[in-house]
Amino acid sequence: MLVRLLAAGIIGLVLSAAVLIAGSEAQDSRDLIESKESLYNNIYVYRQGPYYSMTFGYNRTIYTESIYNSLDDRDLPVVYTRFMTASLMYAKNVNSILEIGFGGGRTAWYLHRFLPQVPVTSVELDPAIVELSHKYFGIKDEPNFQVVNRDGRIFLGNSKDRYDIILIDAYRGPFVPFHLLTKEFYQIVKDHLADGGVVAQNIEPSTMLFDSAAKTINAVFPQVDFYVAEGNVVTIAYDGPPRSNDDLDRVARERDSAYNLHYSLHDMLAQRRQTPIQGGNVIDPKAKVLTDDFAPVEALKAIEAHNRKWQ
Amino acid sequence: MAITTASRLLAISIFFNAFVVGGVLMGFEMLGSRYLFPYFGGGIGTWASLISTVLCALSIGYFAGGAFVDRYHSARIIAGAILLAAIYLALVPATADPVMANILKSIGDGPAAILLASAALLLIPLSLLGTFSPVAVGLLTRSAEKSGGVAGLVYGVSTIGNVAGTLITTFMLIPTIGSRSITYLYAVALAVCAGILFLSIRKKSL
């Protein structure tokens, strides 16, 4: 009797496991085309129709992806990456662009494609990611387009160059390098901005890390604008007095036509939020500025922030 | 056949020390990452350098501790070593940044530079702390037959200290008080440990 019960139990377990496995496979209609274990990441490249995506793990919900539409070079399927280009209407001049965190490389390539005369440099820690971006994400070696293999902070610390636009998107999924989120780091970034330069950064807003990150950026840059984009927030930070909508719109229209951009800066401007960081309803007033000494990024990321009310 | 007779007080203070020293040792390894990342990045290379430096320091400490305790059979060796480590840690917060910046400037950010930076930060204090376990085993061992039990007890307590130090530093201290304050806290904890050891030697009934 006992043996029979045990046997029935085992068969039941095996069957339910089989159903579970089949179920999870049915949900995922992407084809895994390459996986690679690098010094820094476990990288998975998937294809679904014309779309190639890069993830750093099997858990789709926590690993942000880079997506490339192989049929349209101008497409930026990941919505927040479009708003990273909103920085184009803030910069006084557009003569040099730096990106920290290359990933699939689509944002940098979009800028290179529409502004081929402007040198675009992107810094990526993981050489395997750069290799896969060339293999699957339409990245090519071209003049004025350079990818450097380095930690972003070390690169900037050793560089004497100044940039009109610096884009920061160096943390993916659950991995947040604290040294790229501190006041000291943003000071280094600021020191590498040309006159009238701007910094755009992607921040995931669902946890308390967002509040601290926003306050930290604001500790170095007096002006921080927000662009809310499907699960992510892009901040655009700059020095000096606040820019008026009219002023930005004038530049936006000018550059929209000059560069023939696929995603109109003028349209993006409608999404601009000048949410106050101090005393507002969006950023927790108790959030602390992160420093090299105190930057508990993992602990902050574990605290969920509910009902962020963007005005 | 008793080889040595440690008083009960000394034995208790040695086990207390085993726990706290073990805790500070691993806690400072975790903290080492906070000092190194801003200069050398947060990759697996930095972790490998940190871990290998800690293990190097421990092996130096084990060799030295073992050699010393056979020659000078006294708890003063470890009390002194712990006090020196406390002084070293107390100097770290004020000096770490210029040292790291200099290494970055002169050698760069390759494996040699990260190893050198880890060594500058960890090698001396952790070698000093590494002498603790073999000396403690030497002092507590009353007979050759019981040496296995003593060694097991000392390493067991110190390893539980390691676990506590790793977890408390990572999940409680780093999120609340900042790396420099934690380093000072460790220095104070070690100084207290050394003090307790010195005091229990004096009161030893031998």
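In strand 2 of chain A, A:K36 finds its bridge partner in A:I43, strands and helices being DSSP runs (E, at least two residues, for strands; H or I, at least four, for helices) numbered from the N terminus. This is a predicted model, in which local features need pLDDT of at least 70 and side-chain atom pairs count only at pLDDT 80 or more, while totals for chains, interfaces and linings use all residues. Residues are numbered from 1 along each chain as its sequence is written, and chains are lettered from A and ligands numbered from 1 in the order in which they are written.

Strand 1 of chain A and strand 2 (residues 42-48) of chain A are joined in the antiparallel sense over six bridges, where two strands pair if DSSP finds at least two bridges between them. They belong to an open sheet of four strands in chain A, with the order 1-2-3-4 and antiparallel pairing. Its edge strands, each pairing on one side only, are strand 1 (31-37) and strand 4 (66-69) of chain A, and the twist from one strand to the next averages 15°. Helix 4 (residues 127-136) of chain A lies across strand 1, strand 2 and strand 3 (51-55) of chain A and runs at about 15° to strand 2 of chain A; such angles run from 0 to 180 degrees between N-to-C directions, with axes fitted as lines to C-alpha atoms, for helices over the stretch in contact.

## The seven-stranded sheet of chain A

Chain A also has an open sheet of seven strands, with mixed pairing and the order 7-6-5-8-9-11-10. Strand 7 (145-149) and strand 10 of chain A form its edges, each pairing on one side only, and neighbouring strands are turned by 15° against each other on average, direction ignored. Helix 3 (residues 106-114) of chain A packs on this sheet, touching strand 5 (97-100), strand 6 (120-124), strand 7 and strand 8 of chain A, and its direction makes about 170° with that of strand 6 of chain A. Strand 8 (residues 163-168) of chain A pairs with strand 9 of chain A in the parallel sense over five bridges, and A:Y163 has A:L193 in strand 9 of chain A as its bridge partner.

Strand 11 (residues 232-238) of chain A is largely enclosed by the rest of the structure, because seven of its seven residues are buried, that is, each has 20 or more other C-beta atoms within 10 Å of its own, whereas 12 or fewer makes a residue exposed and a count in between makes it partly exposed, with C-beta atoms placed from the backbone. Both faces are covered, with A:N232, A:V234, A:I236 and A:Y238 on one side and A:V233, A:T235 and A:A237 on the other.

Strand 9 (residues 193-203) of chain A runs antiparallel to strand 11 of chain A and is joined to it by six bridges, with A:V199 opposite A:A237. Strand 10 (residues 223-229) of chain A is likewise antiparallel to strand 11 of chain A, through seven bridges, and A:A229 has A:N232 as its bridge partner. Helix 7 (residues 208-220) of chain A lies across strand 9, strand 10 and strand 11 of chain A, at about 10° to strand 11 of chain A.

Chain B has seven helices and zero strands. Of its 206 residues, 45% count as buried, and its C-alpha atoms fill a box of roughly 60 × 30 × 25 Å along the principal axes. Between the chains, 15 residues of chain A are in contact with twelve residues of chain B, contact being C-beta atoms, placed from the backbone, within 7 Å.

The largest nonpolar core has 141 residues, and those with the most contacts inside it are A:A86, A:V234, B:I78, B:I82, B:A136 and B:L190; a nonpolar core is a set of buried Ala, Val, Leu, Ile, Met, Phe, Trp, Tyr and Cys residues joined through C-beta atoms within 7 Å. Helix 1 (residues 8-40) of chain B gives the most to this core, with 15 residues.

Notes. Two residues are in contact if their C-beta atoms, placed from the backbone, lie within 7 Å.
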